[in-house]
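Hello,

Here is the structure you were waiting for. Please open it alongside this message.

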Amino acid sequence: MTARDDTNLSRREAIARGAMGALPLLGVPNVADAQPAQPPRARPPRTRDYIIDASAALVWRNGAPALIGDCSVRVRGNDIVEVREGRIGGSAARIDATGQLLLPGFISGHTHAASGSPTRGLIEEGRSYQRPIELVEQLSDDLLDDITAYNIAELLRSGCTSHVEMSLSLKQAQSYVRVARRWHVRGFPGGMVPGTARLFPIWRRTTDDALTASVPDTLAEIAANRAFALQVNGAEEGLIRPMLTPHAADTHTPETMRAIVAAAREVGNGIHTHLAQGVGELRAVQRLYGKSPAEWLESFGVFDGPFFGAHMTGATAAEWDVLKRHGGVYAHCPSGGGAGNSSGTQPYPEAIAAGVHVNVGIDTHSNDYLENLKLAVICGRARARLLNAQPNRTGTSLPMPSMRDAVYGATHVAADGLRRTDIGRIAVGAKADLCTIDVSGLLVGSGAVGPEPLSNLLYASGANVRHVITQGHVQCFDGQLVVDDQTRVMQRGAKAVQQIWAQLRAEGWFGK
Ligand SMILES: [Zn+2]
């Protein structure tokens with residue numbers, strides 16, 4: 001702290017410190033009249049030409065991430081143009097990130113953006129998410145956009161700048177792209193095929209006739225998604241890069257999977273799917289095609305481009321081998337099924353042990369990316385400890401996941417999986433996708449940035465994220481959404497969700 005001459009104290013401070021204790025009380029003005037002048041509130045820079053000054057940063061050095069102390073990063077247009085330990089001089093606009101850790105913007109390898117707020121708080125005691133998400137699909141485009149915006153605002157607010165987004169239908173993918181374009185979000189979106197309106201009778205079928213009968217409509221959905229993907233591919237200076245997003249191996253046939261792969265090759269950004277989600281999927285694919293899900297997908301060339309596979313709760317050794325062989329990414333979603341998911345933890349330690357590229361994904365219900373990083377580490381350690389302690393266990397012990405594993409998975413590992421060496425890292429020439437997190441303040445830090453700030457993230461959440469930037473555009477500044485009116489985004493999101501709650505009440509859903 002700097003020393004100050006008492007003559008400069010405001011009257012109120014002086015009273016508090018007793019410096020004016022000898023004055024008669026009558027002479028003391030009303031405290032409300034004696035408010036010290038507020039320092040001007042910092043504002044986001046007006047152009048994409050500024051310097052971020054952070055107390056710590058994870059920068060890219062000699063082909064690997066390196067944690068350094070005081071660091072300045074200069075952004076110009078879309079790109080990072082200078083990275084320096086210490087401070088960059090000059091009079092450019094500045095973003096103050098004192099006490100904060102500067103990281104590459106997080107990449108979620110699996111989101112369903114419009115399904116978060118409509119299901120959160122309803123499904124944690126065991127109810128199915130099916131009916132709420134069916135009602136989301138029935139909303140008008142305007143109301144759907146309000147829900148999409150609310151959820152994307154949350155993702156941004158928690159530092160998640162890039163979304164490998166499996167919207168639950170083409171309609172929802174279109175909504176995602178409308179909002180993402182407005183706010184400069186980096187999106188890799190696709191409409192899930194089969195979409196949510198057709199999915200459940202195919203997925204939860206009792207005989208495979210339902211799958212066979214679904215082929216013409218599924219092919220039509222693939223064609224519609226392909227057309228939309230080609231139409232918006234590369235929009236907003238390359239921020240929008242659609243992927244093809246088949247629901248899962250057990251809801252497709254050889255004919256529809258061939259159509260997916262052909263469309264994905266044409267669009268050029270890869271495939272994103274649910275993979276080995278459980279025993280049911282493994283049994284169905286084995287019964288139909290005599291292979292494990294990953295092996296079956298591999299036979300069509302699904303892994304030839306970027307590949308993201310979510311959940312993998314039922315993964316076998318074959319699944320890990322296929323992913324490893326092709327550099328596919330496992331999107332581990334620790335809050336899939338809701339925070340505290342009653343169906344159990346997912347094989348995060350096993351994937352790390354297998355040497356697979358592992359990302360942390362949002363899935364559906366929590367859009368707090370930092371919270372999901374924490375859950376990955378904490379649940380992963382609990383899982384590894386329990387499995388390692390099994391009396392009949394053979395082979396080497398499973399590793400304890402660390403925050404470093406989680407953050408690397410959220411940044412350069414995911415970027416490499418997308419075949420994008422220009423994102424997920426803080427380096428000259430990389431896109432300016434960045435976030436800063438308070439790692440020194442109350443509840444998270446120790447009053448100053450400590451020697452291992454990545455570990456402080458275990459005590460942080462999205463609320464501690466301060467500044468969020470994609471391709472140079474400041475989207476959150478000092479913890480507030482600045483690409484839109486945050487209050488209005490919340491009010492509109494609330495109105496749309498309240499309509500769904502009202503319908504659920506009318507159907508007696510809450511009593512079920
Ligand atoms: Zn999912």
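This is a predicted model: local features need pLDDT of at least 70, side-chain atom pairs count only at pLDDT 80 or more; totals for chains, interfaces and linings use all residues.

Residues are numbered from 1 along each chain as its sequence is written, and side-chain values use heavy atoms, with hydrogens and water left out.

Zinc site

The zinc ion is coordinated at 2.1 to 2.5 Å by His 110 (NE2), His 112 (NE2), His 274 (NE2) and Asp 363 (OD). Donors here are N, O and S atoms within 2.8 Å of the metal (3.2 Å for Na, K and Ca); water is not among the atoms, so sites may look incomplete. Along the chain the donors have the spacing H-x1-H-x161-H-x88-D. His 110 is in strand β6 (residues 106-111) and His 274 in strand β9 (residues 271-275), so this pair ties together parts that are 164 residues apart in sequence. Strands are DSSP runs of E with at least two residues, helices are runs of H or I with at least four, and both are numbered from the N terminus. His 110 and His 274 are both buried, where buried means under 20% relative accessible area, exposed over 50%, and partly exposed in between (1.4 Å probe, protein chains only).

The angles among the 4 donor atoms run from 86 to 168°, and the site is irregular. Four donors count as tetrahedral if all angles lie between 85 and 135 degrees; four count as square planar and six as octahedral if opposite donors are over 155 degrees apart and all others between 65 and 115; anything else is irregular.

Two buried loop residues

His 365 sits in the loop between β12 (357-360) and α15 (369-388). It counts as buried, because its relative accessibility is 4%. The side chain of His 365 makes a polar contact with the side chain of Thr 119 at 2.7 Å. A polar contact is a pair of N or O atoms within 3.5 Å; within protein, one must be able to donate a hydrogen and the other to accept it, and residues adjacent in sequence count only if both atoms are side-chain atoms. Beyond neighbours within four places in sequence, His 365 is in contact (heavy atoms within 4.5 Å) with residues including Arg 120, Tyr 129 and Ser 335.

Thr 245, in the loop between α9 (235-238) and α10 (254-267), is also buried, at 1% relative accessibility. Its side chain reaches the backbone oxygen of Gly 190 at 3.5 Å.

Backbone points to check

Val 193 and Pro 194 are joined by a cis peptide bond, with omega about -5°. Pro 194 lies in the loop between β8 (186-191) and α6 (196-203). Asn 62 is not a glycine, yet has a positive phi of about 50°; it is exposed, with a relative accessible area of 81%. Arg 419 likewise has a positive phi, near 60°, and counts as partly exposed at 45% relative accessibility.

Regards
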